[in-house]
Amino acid sequence: MYALYALLFADSGLSDAQISVLLAVWSLTAVVFEVPSGAIADRFSRRSSLVASGVLQACGYAAWVLFPSFWGFAAGFVLWGLGGTLQSGAFEALLYDGLAANGDEERYGRLNARVDTIELVAQVPVAVVATALFSLGGYQLAGWISVAMCLASSLVALRFPEPERGSDDDEPGYFATLRTGLREAVPVRRAVLAVALVYAIDAFEEYFTLLAQDWQVPTVWVPLATIGVPLTGAAGAALAGRLPSRGWVLFAAGLVLLAAAALAVPVAIVLLGLFYGLYRFVLVHVETELQHRIESDSRATVTSVAAIGSEFVAFAVYGLWVLGAAFAVGALVLVVAVVVWRPGTR
């Protein structure tokens with residue numbers, strides 16, 4: 001459904017402004033629940049947070065299939081947003097602490113890049129399946145299969161190992177964990193800010209299919225036409241695990257996006273993919289730097305602080321799409337590149 005849902009909204013009669021409002025509802029849900037959910041993962045169980053995340057996202061997709069209207073879509077986004085907040089922070093913390101338990105935390109950057117790469121490459125077979133499902137049974141069939149896949153992801157999460165924690169008597173309470181995580185975010189605020197600003201740009205991904213449709217690609221072929229975008233994103237993420245950070249990369253990404261917006265024809269999807277590859281290269285580096293800088297046990301909470309910051313910036317992405325589509329988002333990328341640039345970074 002991920003490859004089709006923006007098209008579902010448009011084909012259900014929603015305007016660009018209404019679609020942006022729906023995405024804003026998604027982000028607002030994250031703003032409200034992001035940090036508390038990170039503290040829940042730190043205080044109780046990160047693995048259980050991931051299990052609940054899949055169930056909630058499945059319920060969100062079910063709402064879209066059963067109630068294909070503005071309010072049904074809004075309810076689905078609230079459920080997906082709740083699931084997303086439980087996953088955000090918890091997964092990174094579980095991964096990093098699992099490595100740290102074996103003294104392998106220095107491997108986090110490369111492993112995080114590998115995770116991002118696999119996530120993006122997986123979108124290729126998903127796009128093929130989405131095209132087939134849409135041809136056979138429309139949005140309904142794609143939606144119910146997506147519900148099943150989300151529930152399957154929860155079953156997989158049940159098998160994730162989780163480092164042993166102290167007894168409940170030794171563990172701080174929920175609010176103490178929350179306070180510790182918020183305090184820990186202060187000394188690493190630059191890294192938190194970098195993650196928040198760069199990660200927010202990923203909100204633009206929600207419009208990729210609409211861009212393809214605007215660039216005269218028939219709806220049924222949109223998932224396949226955009227199949228190269230996650231592949232170049234995967235290449236960028238993979239290179240981030242092997243090459244050092246470069247301050248100019250995000251500038252280049254913004255310029256490439258502006259060029260794609262100027263062309264506004266099907267071939268511009270190639271430039272859109274190049275933009276996404278450069279962007280993912282930067283994202284992996286800023287996420288890795290943040291995890292290395294966190295020193296307390298409230299790792300999921302601190303990561304969620306960065307995520308909540310990204311949601312605030314994502315509101316700007318949604319608004320810019322309504323005002324100037326890809327042109328305006330490209331300008332935002334250039335602004336973010338200026339803010340996160342560190343002196344001495346090549």
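**View 1. Ala-264 sits in the loop between α13 (249-263) and α14.** In this predicted model, local features need pLDDT of at least 70 and side-chain atom pairs count only at pLDDT 80 or more, while totals for chains, interfaces and linings use all residues. Residues are numbered from 1 along each chain as its sequence is written, and side-chain values use heavy atoms, with hydrogens and water left out. Helices are DSSP runs of H or I with at least four residues, strands are E runs of at least two, and both are numbered from the N terminus. Although Ala-264 is a residue other than glycine, its phi is positive, near 55 degrees. Most residues other than glycine have a negative phi. Ala-264 is partly exposed, with a relative accessible area of 35% (buried is under 20%, exposed over 50%, partly exposed in between, using a 1.4 Å probe and protein chains only).

**View 2. Gln-216 lies in the loop between α10 (208-214) and α11 (222-225).** Here is another non-glycine residue with a positive phi, about 70 degrees. Gln-216 is exposed, at 64% relative accessible area.

**View 3. Helix α9 (residues 189-200) packs against helix α14 (residues 268-293).** The angle is about 150 degrees and the axes are 9 Å apart; axes are lines fitted to C-alpha atoms over the stretch in contact, and angles run from 0 to 180 degrees between N-to-C directions. That makes α9 roughly antiparallel to α14 (angles under 35 degrees are roughly parallel, over 145 roughly antiparallel, 65 to 115 roughly perpendicular, the rest oblique). The crossing is left-handed, meaning that the near helix is turned anticlockwise from the far one by less than a right angle; clockwise would be right-handed.

View 4. Contacting residues include Asn-112 and Asp-116 of α6, and Arg-280 and Gln-291 of α14. The contact of α6 with α14 has five nonpolar, five polar and three charged residues.

Definitions and conventions: Contact means heavy atoms within 4.5 Å. Ala, Val, Leu, Ile, Met, Phe, Trp, Tyr, Cys and Pro count as nonpolar, Asp, Glu, Lys and Arg as charged, and the others, Gly among them, as polar.
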